[in-house]
Amino acid sequence: MGNKGGVGVLVQIESSRILFVNSHLAAHTGNVTRRNQDYASINSRLSFPTPLMHPVSGMPRIGDWRQAEKEEEEGVETEVEDVEATPAPVSLEATPLLSSEAPTGTPEADSTGDEPPSPAPLPLYSAVDDCDVCVWVGDLNYRLDKSLSYHDAHSLLDKGDTETLMQNDQLNREVREGRTFRSFSEAPIQFNPTFKFVPKTDNYYPFKPDKVRPPAWCDRVLYRENRTHVHAHLSNPVDMSSYMSGEGAVPPSEAAVTPLFYGSVMALKRSDHKPVYLGLRMGVKRVDLAKRDLVKQDVTLCCDQANNQRIPRLTIAPVGHQLDFGRVYPLDKRSLSLTLSNTGEAPLVYSFLGTGDYERTLLPPWFTISSTKGYIGVGDSVTVEVSLNVTQPGWRALARLNKTSLTHAMVCHVSGVYDRTMSSAKFVTVDYSVLPSVCGSHLSALINLADAPLRDRVGEGEGERSLALPARESDMLAVPHRIPREIVALVNEVYKTQALLTPYIWTLQGTDADVNSVIDAVDMGVPITTEDPHALAYALIYTLSCLATGVVPARLYQACIQCTSGEEAKRIVQSLPVPNQTLFRYIVNVMRETLVHVAQNKSQADKLGAVFGGALLRPIGGREAERDVVGESLFMQRFVVGDWTPGVDRF
């Protein structure tokens, strides 16, 4: 231990923890700050292996049990350290704590000058704070103030005026001002100073100019009861006087710790100090284990109920969390609703997360969701719209999936507003079906099918849409001059109904429902019943636009829009595969026939070229935003305007 330091003993009686600390603090009158620092260091560093369960509550401790458990696992022995050997973690000055040399600027006992200012109180936490009662004894070395001279102190002592002497006691002043031993108490002192005596005598140390030692109460016993642990109203108190020898036991008082006697032993003369003693009566806690277990059950139940109230509870309608869009058509625009209701007792936040291929986008691009995250108060509901909007690129992407039944899943993540650890997840599925159609099919696949309705040739129940798969090159050339049956049916219907006499036949669009009914009739090989010529015309344009690959493929797109002459345009078309050439010429003839009736349909060549250019030409990567509408229109006009006359094949 060395000359300065402290040691503690922790005793548990019944359910009370009593700590005894013995310490020896820095000497000399001027070292008040050093003594305060010694106390702070011992107080903060004194520790013991802490039981994982509190002796009273039986619950896990909220203090240093994690550190104790870690030390136990690592085999670390906890012991009181020599405060001289290791620098204190709580430092009031830059000098090492309790070093053998006085800090710079700190006066020795006989030096002159002002005493260094005492520091402000420091917040501390230690074993002292975690016990029920702490008794601190030892040579604390607090002296009388320098303002009281040696001779004045002895004069007051000779008169028996210990009250005035105590007013100059350094420890009383430091405790009163909150700089040391906070919350500690001391029994009234009714004995003479216990320092400094001539060894083996009862005489105080005589005055010497080179070594002034006024009398002082260096040896003290202080005690502290932690009111968070000790309560006077505890049932079944144990009278600690039964553990002590001698007389002086008194009935229990209102305080949990009561001093019985406090004095010094003047008969002992071996040292220059006189020892002191203190008798205490303590009430300790005796826990009724049966009652404690009942209380613990009640507390656990209350905590569980509180936690249950904080659990977010979300109900999603429709039941089953399923949105079934049924069959999806080429031009389909619909919405279905999810109703999210907070049926719990705490507000919540929700957020939708995607899965699989759509982990980042939630759903395929032909679906949109009105709200991906939000807040729902207690008892409130929100409506989330899931909308379907099938565009031409979207339908082509649907065709590439090669499936007739599709399901996409979203995760609705739910968490509490105040406690995000309270969370849950619910799955929401979006189901729909896609039947085989000329839209989205490969041209090469269409021209190699037998002369029968498309649905009969493919089959509505098949898992793969064979029309979306390209044919081999040899198969594609087997019947090079054929045009897909479905496209011929659409063109024939345009001619038969004299739709080309309708104003703005190619620039106005029929209703989505009429267009879908036309395409569906063509796929099934049944008569077309719509009476809207614009729906017929747009069904043809949409079908051409949705072919899996453009009639003029993307590799020739730049050449088409940069074309500067009719001859150059002719060479580009002649470089196409024969089936593509055949279909291109077929559609150009439709454009020419339209311009024959320009007086009735009011068509303009530039607008007509833009409409059919958008249907026949496919930009690189299918990026619709990068289309050159003017370039496409000029390319198509080279086949229908200029020196062309009806009946003459520009090709």
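Predicted model: local features only at pLDDT ≥ 70, side-chain atom pairs only at ≥ 80, totals over all residues.

Visitor: In what order do the strands of the open sheet come?
Guide: The five strands of this open sheet follow the order 9-16-15-11-13, and their pairing is mixed.

Visitor: Which strands stand at the edges?
Guide: Strand 9 (322–327) and strand 13 (373–376) do. Each has a single partner strand, so one side of each is left without a neighbour in the sheet.

Visitor: And by how much are neighbouring strands turned against each other?
Guide: On average by 20°, with direction ignored.

Visitor: How many bridges join strand 11 to strand 13?
Guide: Four bridges link strand 11 (residues 348–354) with strand 13, and the two run antiparallel. Ser351 stands opposite Lys373 of strand 13.

Visitor: Turning to helix 14, how far does it reach?
Guide: Helix 14 (residues 533–545) reaches 19 Å from its first C-alpha to its last, close to the 18 Å expected for its 13 residues.

Visitor: Is helix 14 mostly covered or mostly exposed?
Guide: Helix 14 is mostly covered, with 12 of its 13 residues buried. Among them are His534, Tyr538, Tyr542 and Ser545.

Visitor: What covers those buried residues?
Guide: The cover includes helix 8 (392–400), helix 12 (485–496), helix 13 (512–524), helix 17 (578–596) and helix 19 (605–616).

Visitor: What does Asp532 reach at the start of helix 14?
Guide: A side-chain oxygen of Asp532 comes to within 3.0 Å of the backbone nitrogen of His534, a residue that is itself buried.

Key. Residues numbered from 1 in each chain as written. Heavy atoms only, no water. Pairing = 2+ DSSP bridges. Axes fitted to C-alpha atoms, helices over the stretch in contact; angles between N-to-C directions. Expected span 1.5 Å × (residues − 1). Buried < 20%, exposed > 50% of the residue type's maximum accessible area, 1.4 Å probe, protein only. Contact = heavy atoms within 4.5 Å. Polar contact = N/O pair within 3.5 Å; in protein donor to acceptor, adjacent residues only side chain to side chain.
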